[in-house]
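Subject: Structure handover

Hello,

Here is the structure I promised to pass on. Please open it first, then read my notes below it.

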Amino acid sequence: MDKRDRIVRRVARELRDGDCVNLGIGLPTLVASVIPPGVDITLHSENGLLGIGPYPDEDAVDPDLINAGKETITEAPGCSYFNGAESFAMVRGGHIDLTVLGALEVDMAGNLANWMIPGKMVKGMGGAMDLVAGARRVVIAMEHTTKDGASKIVPSCSLPLTGAKVVSLIVTELAVIEVTPEGLVLREIAEDTTLEAVTSATAAPLMVPTSVGRF
Amino acid sequence: MNKVTTAEAAVARIPHGATIMMGGFGLCGIPENLVRALHAQGTRDLTIISNNAGIDGFGIGVLLGARQVRKMVSTYVGENREFERQLLANEIEVELVPQGTFAERIRAGGAGVGGFYTPTGVGTIVADGKETRVLNGRSYLLELPLRADFAFIKGYKGDRAGNLVYRKTARNFNPMMATAATMTIAEVEQLVEIGELDPESIVTPAIFVKHILQGTHYEKRVERRVVHRIHAPV
């Protein structure tokens, strides 16, 4: 299985029936296409829509209807539109059950960096800082290492933070890792990897319980 | 009082160095006519408050390309190479604001609120230089209101009194911005007579709108056309 596919399928298992969910741009957006049967969720788009539907057919593309990634979308039945202040009242006010975001770095304390690389990339934080401050659960969906093979799970973030102590769960193609007050706990490893492979690909120390699941 | 104007007449009031809010999320719900007229007028040294900075060659990107902008206040600017070039070369000033804080600062600016405490940005560089306060056991930052000299608003329908309705996600930041400027100018796709809009459905009441104009030649470009994959019959 493609590693991005594996990540989004595992993240989708974190969704609970009835959840209001905000999916970040890029890899997290793909979670919408693999929602398990019987799980009915509402997708929030911070540009002002509660109830994102599937991508449109060619003849139904509407420039006035986009998601936060600026992609054309459709309305889900029962959706509603609102302005940016109301949208972030939903986010900051704790009305979003779960957000899925990408990351450049996550550390042992659950600190997240995903919005800038000083001197190289300055794109802005968009809604990410509000989402990590307000969503009830923050799940990170990312590849375990950078293109150069460096661990993205580090003892302490070196890049500017998006939020401090905000991450609940990290899902990569290799592992599912829970952030606890005591540190990072390895919950599951991928079915085709080994404990040694996961720990050696992870720069931050991992607590390994007696029972580690497979996914 | 007649509020109906043209884009050219509306922007003629804008001096060099003005601060202007512009509605829109990406290219969705942007005031195309007013941006076009401001570009043609050549007004310089502008501070623009807008969620994004357009793309190269369209929207605010046109103003950036013509070097009319001194400073951007935005939340995400990743779609515009010329902007990123000017930023990395220190040719333009930028203030990046978390999106919810951006929206609420504008709302506060229009609502006469002197500031507010938000948990967004605590423990990040966004907190630098700001008052941090613990309320009910949680840390918050003090954020101050945002206002502008002018606001460029894009509505779907508007009446001659200045009441506005929006369409789908083209609403975005337009309603807050309409409240937070000394002079709000709205352009609409359909300018209608007073009484034609259902009062129950009006999103921006006329009190916030000083001038309104019928827009023309809307391009309404799509930034990322993604369509449902149509599977070939097996």
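The largest nonpolar core has 37 residues. Those with the most contacts inside this core are Ile20(B), Met22(B), Leu38(B), Met72(B) and Phe152(B). Helix H2 of chain B, residues 32–41, gives the core its largest share, four residues. A second, separate core has 30 residues. Val106(A), Val166(A), Leu174(A) and Val179(A) are included in that second core. In soluble globular proteins, nonpolar side chains tend to be buried together. Bear in mind that this is a predicted model.

Take a look at Met22(B). What does Met22(B) touch, leaving out residues up to four places away in sequence? Its contacts are Pro31(B), Val35(B), Leu38(B), Ile48(B), Ile49(B), Ser50(B), Ile60(B), Leu63(B), Phe152(B) and Met177(B). Two of these names, Leu38(B) and Phe152(B), also stand in the list of residues with the most contacts inside the largest core.

Now chain B as a whole. It holds six helices and eleven strands. The C-alpha trace of chain B spans about 55 × 50 × 50 Å along its principal axes. Of the 234 residues in chain B, 54% count as buried. Chain B exposes about 10200 Å², and carbon and sulfur atoms supply 50% of that area. Now for contacts in chain B between residues at least 6 apart in sequence: 72% of them join residues at least 24 apart.

Next, one of the sheets to look at. Three strands of chain B form an open sheet in the order S5-S7-S6, with antiparallel pairing.

S6(B) and strand S7 of chain B, residues 138–143, run antiparallel and are joined by four bridges. In this pair, Arg133(B) stands opposite Tyr140(B) in S7(B). Strands of a sheet pair through backbone hydrogen bonds, either parallel or antiparallel.

Best wishes

Notes:
Residues are numbered from 1 along each chain as its sequence is written. Chains are lettered from A and ligands numbered from 1 in the order in which they are written. This is a predicted model: local features need pLDDT of at least 70, side-chain atom pairs count only at pLDDT 80 or more; totals for chains, interfaces and linings use all residues. Side-chain values use heavy atoms; hydrogens and water are left out. Two strands pair if DSSP finds at least two bridges between them. Helices (H or I, at least four residues) and strands (E, at least two) are DSSP runs, numbered from the N terminus. Buried means under 20% relative accessible area, exposed over 50%, partly exposed in between (1.4 Å probe, protein chains only). Contact means heavy atoms within 4.5 Å. Accessible areas come from the Shrake-Rupley method with a 1.4 Å probe; for residues, only the protein chains shown count as cover. A nonpolar core is a set of buried Ala, Val, Leu, Ile, Met, Phe, Trp, Tyr and Cys residues joined through side-chain atoms within 4.5 Å.
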